[in-house]
Amino acid sequence: MMKNNTSLFRPIYYPAIKTIVGLLFFLTMVGCSATRKLPANEKLYIGAKVRIDDEDIKAKKEKALENELEALVRPKPNKAFLGIRYKLLFYNMVDSVGQKKGLKHFIKNKLGEPPVLFSDVSLEANEEIICNRLENRGYFDTRCSSDIEERDRKVKVVYTAKPGPQYHIRKVDFRVDSTSVLGGAVKETQDHTFLKPEDSYDLDIIKAERDRIDARLKETGFYYFSPNDILVQVDSTVGGNQVDLFVRLKDSTPTKARKVYTINNTYIFPDYSISDDTVDIGQAEKHYNFYIADPEDKWKPLTFEHFVYFNPGDVYNRTDHNVAISNMVSMGAFKFVKNKFVETGDSARLNVFYLMTPFPKKSIRAEVSGRKTDADFTGTELTLNWRNRSTFRGAELLTLSGYTGY
(Lines give C-alpha, C1' and ligand atoms only; values in the text may rest on other atoms or scores of the structure.)
Protein backbone atom coordinates (compact mmCIF):
# COMPACT_ATOMS: atom_id res chain seq x y z
CA MET A 1 0.00 0.00 0.00
CA MET A 2 2.83 2.41 0.78
CA LYS A 3 4.37 1.89 -2.68
CA ASN A 4 1.07 2.69 -4.35
CA ASN A 5 0.64 5.91 -2.35
CA THR A 6 4.16 7.00 -3.28
CA SER A 7 3.62 6.28 -6.96
CA LEU A 8 0.38 8.26 -6.89
CA PHE A 9 2.05 11.22 -5.15
CA ARG A 10 4.66 11.79 -7.86
CA PRO A 11 2.48 12.14 -10.97
CA ILE A 12 -0.13 14.24 -9.15
CA TYR A 13 2.06 16.70 -7.24
CA TYR A 14 5.37 16.76 -9.07
CA PRO A 15 4.19 18.95 -12.00
CA ALA A 16 2.66 21.42 -9.56
CA ILE A 17 5.89 21.60 -7.57
CA LYS A 18 7.82 22.21 -10.80
CA THR A 19 5.44 25.02 -11.72
CA ILE A 20 5.78 26.69 -8.33
CA VAL A 21 9.57 26.41 -8.39
CA GLY A 22 9.65 27.76 -11.95
CA LEU A 23 7.42 30.66 -11.01
CA LEU A 24 9.57 31.52 -8.01
CA PHE A 25 12.67 31.37 -10.18
CA PHE A 26 11.01 33.64 -12.76
CA LEU A 27 9.98 36.18 -10.14
CA THR A 28 13.48 36.14 -8.69
CA MET A 29 15.02 36.78 -12.12
CA VAL A 30 12.55 39.57 -12.81
CA GLY A 31 13.34 41.16 -9.46
CA CYS A 32 17.04 41.02 -10.18
CA SER A 33 16.58 42.45 -13.69
CA ALA A 34 14.87 45.51 -12.23
CA THR A 35 18.09 46.60 -10.51
CA ARG A 36 20.89 45.08 -12.55
CA LYS A 37 21.13 48.07 -14.93
CA LEU A 38 20.92 50.75 -12.27
CA PRO A 39 23.74 53.31 -12.25
CA ALA A 40 26.45 52.73 -9.66
CA ASN A 41 25.53 53.77 -6.12
CA GLU A 42 21.87 54.19 -7.11
CA LYS A 43 18.85 52.39 -5.66
CA LEU A 44 15.43 51.65 -7.10
CA TYR A 45 12.54 53.51 -5.47
CA ILE A 46 9.56 51.16 -5.13
CA GLY A 47 7.01 53.40 -3.42
CA ALA A 48 5.84 54.86 -0.13
CA LYS A 49 3.54 54.06 2.74
CA VAL A 50 1.95 56.66 5.00
CA ARG A 51 0.97 55.75 8.54
CA ILE A 52 -1.20 57.82 10.86
CA ASP A 53 -0.07 57.53 14.47
CA ASP A 54 -3.14 58.62 16.43
CA GLU A 55 -5.31 56.35 18.57
CA ASP A 56 -8.14 58.90 18.66
CA ILE A 57 -8.84 58.67 14.91
CA LYS A 58 -11.26 55.92 13.95
CA ALA A 59 -9.86 53.12 11.80
CA LYS A 60 -12.04 53.91 8.74
CA LYS A 61 -11.16 57.59 8.80
CA GLU A 62 -7.51 56.79 9.42
CA LYS A 63 -7.38 54.51 6.37
CA ALA A 64 -9.00 57.16 4.19
CA LEU A 65 -6.47 59.73 5.36
CA GLU A 66 -3.56 57.39 4.68
CA ASN A 67 -4.80 56.70 1.15
CA GLU A 68 -5.26 60.42 0.52
CA LEU A 69 -1.76 61.23 1.75
CA GLU A 70 -0.09 58.40 -0.18
CA ALA A 71 -1.58 59.80 -3.38
CA LEU A 72 0.27 63.08 -2.72
CA VAL A 73 3.74 61.59 -2.32
CA ARG A 74 6.13 62.14 -5.22
CA PRO A 75 7.63 60.71 -7.32
CA LYS A 76 5.49 57.74 -8.27
CA PRO A 77 7.36 54.42 -8.53
CA ASN A 78 7.53 52.38 -11.72
CA LYS A 79 4.22 50.78 -12.57
CA ALA A 80 3.80 47.20 -11.38
CA PHE A 81 1.39 44.32 -11.90
CA LEU A 82 1.43 41.39 -9.46
CA GLY A 83 4.68 42.77 -8.12
CA ILE A 84 6.33 42.80 -11.56
CA ARG A 85 7.49 46.21 -12.75
CA TYR A 86 6.65 45.40 -16.33
CA LYS A 87 7.47 48.82 -17.81
CA LEU A 88 10.90 48.75 -16.24
CA LEU A 89 11.31 45.19 -17.57
CA PHE A 90 10.69 46.44 -21.12
CA TYR A 91 13.07 49.35 -20.56
CA ASN A 92 15.90 47.04 -19.47
CA MET A 93 15.14 44.49 -22.18
CA VAL A 94 16.82 46.33 -25.05
CA ASP A 95 19.57 48.84 -25.66
CA SER A 96 18.52 51.62 -28.03
CA VAL A 97 21.25 54.17 -27.38
CA GLY A 98 21.24 56.78 -30.14
CA GLN A 99 18.11 55.38 -31.81
CA LYS A 100 15.14 57.67 -32.29
CA LYS A 101 12.91 55.16 -34.06
CA GLY A 102 12.62 51.45 -34.77
CA LEU A 103 11.50 48.44 -32.77
CA LYS A 104 14.10 48.79 -30.02
CA HIS A 105 13.27 52.45 -29.53
CA PHE A 106 9.57 51.61 -29.37
CA ILE A 107 10.08 48.85 -26.78
CA LYS A 108 12.38 50.91 -24.60
CA ASN A 109 10.65 54.29 -24.72
CA LYS A 110 7.02 53.53 -25.51
CA LEU A 111 6.40 50.22 -23.76
CA GLY A 112 9.03 50.82 -21.11
CA GLU A 113 9.94 53.56 -18.68
CA PRO A 114 13.25 54.43 -17.00
CA PRO A 115 13.82 53.41 -13.38
CA VAL A 116 12.61 55.76 -10.67
CA LEU A 117 15.65 56.30 -8.47
CA PHE A 118 15.67 56.83 -4.74
CA SER A 119 17.95 59.81 -5.31
CA ASP A 120 14.97 61.53 -6.96
CA VAL A 121 12.97 61.37 -3.72
CA SER A 122 12.94 64.36 -1.39
CA LEU A 123 11.95 63.09 2.05
CA GLU A 124 11.72 66.60 3.48
CA ALA A 125 9.44 67.84 0.68
CA ASN A 126 7.08 64.89 1.07
CA GLU A 127 6.98 65.30 4.84
CA GLU A 128 6.01 68.95 4.34
CA ILE A 129 3.30 68.00 1.83
CA ILE A 130 1.84 65.43 4.24
CA CYS A 131 1.87 67.84 7.19
CA ASN A 132 0.31 70.62 5.10
CA ARG A 133 -2.54 68.42 3.92
CA LEU A 134 -3.32 67.29 7.46
CA GLU A 135 -3.28 70.90 8.63
CA ASN A 136 -5.69 71.70 5.79
CA ARG A 137 -7.96 69.06 7.32
CA GLY A 138 -7.84 70.78 10.71
CA TYR A 139 -4.97 68.87 12.38
CA PHE A 140 -2.95 71.99 13.14
CA ASP A 141 -0.21 70.46 15.33
CA THR A 142 0.96 67.69 13.01
CA ARG A 143 4.49 66.28 13.07
CA CYS A 144 5.86 64.14 10.24
CA SER A 145 8.88 61.88 9.94
CA SER A 146 10.19 59.27 7.51
CA ASP A 147 12.11 55.99 7.50
CA ILE A 148 13.46 53.87 4.69
CA GLU A 149 13.26 50.12 4.18
CA GLU A 150 16.03 48.84 1.93
CA ARG A 151 16.62 45.41 0.42
CA ASP A 152 18.54 44.29 -2.67
CA ARG A 153 19.06 47.88 -3.85
CA LYS A 154 15.34 48.60 -3.55
CA VAL A 155 14.06 51.29 -1.22
CA LYS A 156 10.59 51.85 0.18
CA VAL A 157 9.81 54.92 2.29
CA VAL A 158 7.50 54.86 5.30
CA TYR A 159 6.17 58.25 6.37
CA THR A 160 4.68 58.60 9.84
CA ALA A 161 2.33 61.45 10.67
CA LYS A 162 1.40 62.30 14.25
CA PRO A 163 -1.54 64.71 14.04
CA GLY A 164 -2.74 66.75 16.93
CA PRO A 165 -6.44 67.13 17.82
CA GLN A 166 -8.65 68.10 14.88
CA TYR A 167 -10.08 71.61 15.15
CA HIS A 168 -13.78 72.30 14.64
CA ILE A 169 -15.71 75.42 13.69
CA ARG A 170 -17.18 77.33 16.65
CA LYS A 171 -18.89 80.10 14.69
CA VAL A 172 -19.04 81.69 11.23
CA ASP A 173 -19.33 85.47 10.87
CA PHE A 174 -19.98 87.25 7.55
CA ARG A 175 -18.24 90.53 8.33
CA VAL A 176 -19.14 92.55 5.23
CA ASP A 177 -20.57 96.02 4.80
CA SER A 178 -24.18 95.17 4.03
CA THR A 179 -24.90 98.81 3.11
CA SER A 180 -22.76 98.52 -0.04
CA VAL A 181 -24.12 96.85 -3.18
CA LEU A 182 -21.54 94.07 -3.17
CA GLY A 183 -21.49 93.61 0.60
CA GLY A 184 -25.27 93.31 0.69
CA ALA A 185 -25.21 90.69 -2.08
CA VAL A 186 -22.59 88.65 -0.22
CA LYS A 187 -24.58 88.91 3.02
CA GLU A 188 -27.68 87.55 1.27
CA THR A 189 -25.84 84.32 0.45
CA GLN A 190 -25.11 83.58 4.12
CA ASP A 191 -28.08 81.27 4.70
CA HIS A 192 -26.68 78.77 2.16
CA THR A 193 -23.12 78.73 3.43
CA PHE A 194 -21.08 75.51 3.40
CA LEU A 195 -19.39 76.55 6.65
CA LYS A 196 -21.32 75.09 9.58
CA PRO A 197 -20.60 75.36 13.32
CA GLU A 198 -19.36 72.08 14.85
CA ASP A 199 -18.07 70.83 11.46
CA SER A 200 -14.38 70.04 11.30
CA TYR A 201 -12.13 72.69 9.80
CA ASP A 202 -11.37 71.89 6.16
CA LEU A 203 -9.56 74.17 3.73
CA ASP A 204 -11.26 72.53 0.73
CA ILE A 205 -14.66 73.47 2.17
CA ILE A 206 -13.48 77.04 2.62
CA LYS A 207 -12.41 77.14 -1.04
CA ALA A 208 -15.76 75.66 -2.05
CA GLU A 209 -17.50 78.39 -0.02
CA ARG A 210 -15.65 81.08 -1.93
CA ASP A 211 -16.69 79.44 -5.21
CA ARG A 212 -20.28 79.22 -3.98
CA ILE A 213 -20.42 82.93 -3.19
CA ASP A 214 -18.86 83.75 -6.56
CA ALA A 215 -21.37 81.54 -8.42
CA ARG A 216 -24.27 83.22 -6.63
CA LEU A 217 -22.97 86.72 -7.37
CA LYS A 218 -22.50 85.79 -11.04
CA GLU A 219 -26.25 85.16 -11.14
CA THR A 220 -26.96 88.69 -9.90
CA GLY A 221 -24.85 90.77 -12.28
CA PHE A 222 -21.36 90.79 -10.71
CA TYR A 223 -19.63 89.83 -13.96
CA TYR A 224 -16.09 90.78 -12.89
CA PHE A 225 -16.24 89.33 -9.38
CA SER A 226 -13.79 86.51 -8.54
CA PRO A 227 -13.50 83.95 -5.71
CA ASN A 228 -10.13 85.56 -4.96
CA ASP A 229 -12.01 88.68 -3.84
CA ILE A 230 -13.31 86.72 -0.82
CA LEU A 231 -11.15 86.35 2.28
CA VAL A 232 -11.90 83.82 5.03
CA GLN A 233 -9.92 84.64 8.16
CA VAL A 234 -9.33 81.91 10.76
CA ASP A 235 -8.97 82.57 14.49
CA SER A 236 -7.57 79.46 16.17
CA THR A 237 -6.90 81.15 19.53
CA VAL A 238 -10.43 80.75 20.90
CA GLY A 239 -9.49 77.56 22.76
CA GLY A 240 -11.00 74.11 23.00
CA ASN A 241 -9.54 73.04 19.64
CA GLN A 242 -12.01 75.34 17.90
CA VAL A 243 -11.79 78.10 15.32
CA ASP A 244 -13.87 81.12 14.41
CA LEU A 245 -14.24 81.94 10.72
CA PHE A 246 -14.74 85.48 9.40
CA VAL A 247 -15.88 85.89 5.80
CA ARG A 248 -14.77 89.25 4.41
CA LEU A 249 -14.30 91.12 1.16
CA LYS A 250 -10.72 91.98 0.37
CA ASP A 251 -9.86 95.66 0.48
CA SER A 252 -8.14 95.16 -2.88
CA THR A 253 -11.38 94.06 -4.61
CA PRO A 254 -11.40 96.00 -7.93
CA THR A 255 -14.03 98.65 -8.56
CA LYS A 256 -15.37 96.67 -11.55
CA ALA A 257 -15.93 93.63 -9.32
CA ARG A 258 -18.17 95.73 -7.05
CA LYS A 259 -20.62 96.69 -9.83
CA VAL A 260 -23.79 95.03 -11.10
CA TYR A 261 -23.61 94.84 -14.90
CA THR A 262 -26.56 94.94 -17.28
CA ILE A 263 -26.76 94.01 -20.96
CA ASN A 264 -26.49 96.74 -23.57
CA ASN A 265 -26.71 95.04 -27.00
CA THR A 266 -26.21 91.52 -28.34
CA TYR A 267 -24.26 91.01 -31.59
CA ILE A 268 -24.14 87.79 -33.61
CA PHE A 269 -21.40 87.10 -36.15
CA PRO A 270 -22.41 83.79 -37.83
CA ASP A 271 -19.56 83.85 -40.37
CA TYR A 272 -16.68 84.58 -38.02
CA SER A 273 -13.18 83.51 -39.09
CA ILE A 274 -10.63 82.46 -36.49
CA SER A 275 -7.77 83.49 -38.78
CA ASP A 276 -9.22 87.01 -38.98
CA ASP A 277 -10.56 87.79 -35.53
CA THR A 278 -11.70 91.32 -36.28
CA VAL A 279 -15.38 92.18 -36.00
CA ASP A 280 -17.18 95.20 -37.41
CA ILE A 281 -20.39 96.08 -35.61
CA GLY A 282 -21.07 98.55 -38.40
CA GLN A 283 -22.13 95.56 -40.54
CA ALA A 284 -24.69 94.43 -37.97
CA GLU A 285 -28.39 95.03 -38.52
CA LYS A 286 -30.99 94.88 -35.80
CA HIS A 287 -33.45 91.99 -35.76
CA TYR A 288 -35.80 91.48 -32.81
CA ASN A 289 -33.71 92.01 -29.66
CA PHE A 290 -30.26 91.51 -31.20
CA TYR A 291 -27.99 92.58 -34.03
CA ILE A 292 -26.70 90.19 -36.70
CA ALA A 293 -23.71 90.80 -39.00
CA ASP A 294 -24.61 88.84 -42.14
CA PRO A 295 -23.92 91.07 -45.16
CA GLU A 296 -24.24 88.12 -47.61
CA ASP A 297 -27.63 87.14 -46.15
CA LYS A 298 -26.61 83.50 -45.50
CA TRP A 299 -28.76 83.08 -42.40
CA LYS A 300 -32.32 83.78 -41.40
CA PRO A 301 -32.35 85.98 -38.29
CA LEU A 302 -35.16 83.78 -36.94
CA THR A 303 -32.56 80.98 -36.64
CA PHE A 304 -30.95 82.73 -33.68
CA GLU A 305 -33.99 84.29 -32.06
CA HIS A 306 -34.56 81.42 -29.61
CA PHE A 307 -30.86 81.15 -28.75
CA VAL A 308 -30.40 84.74 -27.56
CA TYR A 309 -31.28 84.87 -23.88
CA PHE A 310 -30.14 88.40 -23.06
CA ASN A 311 -32.36 91.41 -23.73
CA PRO A 312 -31.17 95.01 -23.49
CA GLY A 313 -31.38 96.08 -19.87
CA ASP A 314 -31.25 92.56 -18.43
CA VAL A 315 -28.98 92.00 -15.46
CA TYR A 316 -26.11 89.71 -16.45
CA ASN A 317 -26.35 86.15 -15.12
CA ARG A 318 -24.12 83.13 -15.61
CA THR A 319 -26.97 80.69 -16.36
CA ASP A 320 -28.19 82.52 -19.49
CA HIS A 321 -24.57 83.02 -20.49
CA ASN A 322 -23.84 79.26 -20.45
CA VAL A 323 -27.20 78.06 -21.81
CA ALA A 324 -27.01 80.33 -24.84
CA ILE A 325 -23.55 79.06 -25.75
CA SER A 326 -24.59 75.43 -25.22
CA ASN A 327 -27.65 75.82 -27.45
CA MET A 328 -25.69 77.47 -30.23
CA VAL A 329 -23.15 74.66 -30.20
CA SER A 330 -25.97 72.09 -30.31
CA MET A 331 -27.26 73.60 -33.57
CA GLY A 332 -24.62 71.49 -35.32
CA ALA A 333 -23.91 74.13 -37.95
CA PHE A 334 -20.82 75.67 -36.37
CA LYS A 335 -17.33 74.33 -35.74
CA PHE A 336 -16.56 76.93 -33.10
CA VAL A 337 -18.79 79.12 -30.97
CA LYS A 338 -17.44 81.58 -28.45
CA ASN A 339 -18.71 84.72 -26.85
CA LYS A 340 -17.22 87.71 -25.15
CA PHE A 341 -18.56 90.55 -23.05
CA VAL A 342 -17.21 94.05 -23.62
CA GLU A 343 -17.81 97.09 -21.43
CA THR A 344 -19.45 100.10 -23.04
CA GLY A 345 -17.44 103.10 -21.89
CA ASP A 346 -17.54 103.89 -18.18
CA SER A 347 -21.08 102.62 -17.59
CA ALA A 348 -21.82 99.25 -16.00
CA ARG A 349 -23.22 97.87 -19.26
CA LEU A 350 -21.95 95.05 -21.43
CA ASN A 351 -22.15 94.34 -25.14
CA VAL A 352 -22.47 90.61 -25.86
CA PHE A 353 -20.70 89.14 -28.89
CA TYR A 354 -21.38 85.64 -30.25
CA LEU A 355 -18.60 84.68 -32.66
CA MET A 356 -19.50 81.60 -34.71
CA THR A 357 -17.39 79.76 -37.29
CA PRO A 358 -19.58 77.60 -39.57
CA PHE A 359 -18.77 74.19 -40.99
CA PRO A 360 -18.31 74.06 -44.79
CA LYS A 361 -21.77 74.40 -46.33
CA LYS A 362 -21.41 71.28 -48.47
CA SER A 363 -19.39 68.13 -47.85
CA ILE A 364 -19.18 64.56 -49.09
CA ARG A 365 -17.88 61.51 -47.26
CA ALA A 366 -17.12 58.05 -48.62
CA GLU A 367 -16.89 54.87 -46.55
CA VAL A 368 -15.64 51.50 -47.78
CA SER A 369 -16.34 48.43 -45.67
CA GLY A 370 -16.32 44.67 -45.87
CA ARG A 371 -19.46 42.65 -45.23
CA LYS A 372 -20.56 39.07 -44.77
CA THR A 373 -24.14 37.88 -45.33
CA ASP A 374 -26.11 35.25 -43.45
CA ALA A 375 -25.62 32.99 -46.48
CA ASP A 376 -21.85 33.17 -45.90
CA PHE A 377 -21.15 35.38 -48.92
CA THR A 378 -18.43 38.00 -48.50
CA GLY A 379 -17.93 41.26 -50.35
CA THR A 380 -17.43 45.00 -50.15
CA GLU A 381 -19.72 47.98 -49.76
CA LEU A 382 -19.30 51.66 -50.70
CA THR A 383 -21.37 54.31 -48.93
CA LEU A 384 -21.52 57.96 -49.99
CA ASN A 385 -22.94 60.69 -47.73
CA TRP A 386 -23.58 64.18 -49.11
CA ARG A 387 -24.38 66.95 -46.66
CA ASN A 388 -25.73 70.43 -47.15
CA ARG A 389 -25.73 72.48 -44.00
CA SER A 390 -28.17 75.35 -43.60
CA THR A 391 -29.97 74.34 -46.78
CA PHE A 392 -32.75 76.85 -46.21
CA ARG A 393 -30.62 79.42 -44.28
CA GLY A 394 -31.87 78.12 -40.94
CA ALA A 395 -29.10 75.73 -39.76
CA GLU A 396 -30.95 72.75 -41.27
CA LEU A 397 -28.94 69.69 -42.23
CA LEU A 398 -29.86 67.94 -45.49
CA THR A 399 -28.22 64.53 -45.92
CA LEU A 400 -28.36 62.30 -48.99
CA SER A 401 -26.91 58.80 -48.71
CA GLY A 402 -26.35 56.10 -51.26
CA TYR A 403 -24.54 52.81 -51.26
CA THR A 404 -23.54 50.05 -53.56
CA GLY A 405 -22.01 46.71 -52.83
CA TYR A 406 -20.69 43.47 -54.31
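Me: Which cysteines form a disulfide here?
Reply: Cys131 and Cys144 in this predicted model. Their sulfur atoms are 2.3 Å apart.

Me: How many disulfides turn up in the whole structure?
Reply: One.

Me: Where do Cys131 and Cys144 sit in the chain?
Reply: Cys131 is in helix α5 (residues 123–136). Cys144 is in strand β2 (residues 143–151). They are 13 residues apart, and the pair links distant parts of the chain.

Me: Is the link right-handed or left-handed?
Reply: Right-handed, with 135° about the S-S bond.

Me: And Cys131, buried or exposed?
Reply: Buried, and Cys144 is too.

Me: New topic. Which residues touch the most other members of the largest nonpolar core?
Reply: Ile268, Phe304, Met328, Phe334, Phe341, Tyr354 and Met356. That core has 23 residues.

Me: Which element gives the largest share of this core?
Reply: β11, with four residues. The elements giving two or more are β7 (262–269), β9 (290–292), α9 (318–330), β10 (334–343) and β11 (349–358).

Me: What does Phe341 touch?
Reply: Leaving out residues up to four places away in sequence, Phe341 touches Tyr223, Tyr224, Ile263, Phe310, Tyr316, His321, Leu350, Asn351 and Val352.

Me: Where is confidence lowest in the chain?
Reply: In helix α1 (residues 2–33), at a mean pLDDT of 50. Helix α7 (residues 203–218) is highest, at 98.

Me: Over which residues is the pLDDT below 50?
Reply: Residues 21–32. Beyond near neighbours in sequence, that stretch has four contacts in the model.

Me: What does the chain average?
Reply: A pLDDT of 85, with 85% of the residues scoring at least 70.

Note on methods:
Residues are numbered from 1 along each chain as its sequence is written. This is a predicted model: local features need pLDDT of at least 70, side-chain atom pairs count only at pLDDT 80 or more; totals for chains, interfaces and linings use all residues. Side-chain values use heavy atoms; hydrogens and water are left out. A nonpolar core is a set of buried Ala, Val, Leu, Ile, Met, Phe, Trp, Tyr and Cys residues joined through side-chain atoms within 4.5 Å. Buried means under 20% relative accessible area, exposed over 50%, partly exposed in between (1.4 Å probe, protein chains only). Contact means heavy atoms within 4.5 Å. pLDDT is the predictor's confidence in each residue, from 0 to 100. A disulfide is a pair of cysteine sulfur atoms within 2.5 Å.
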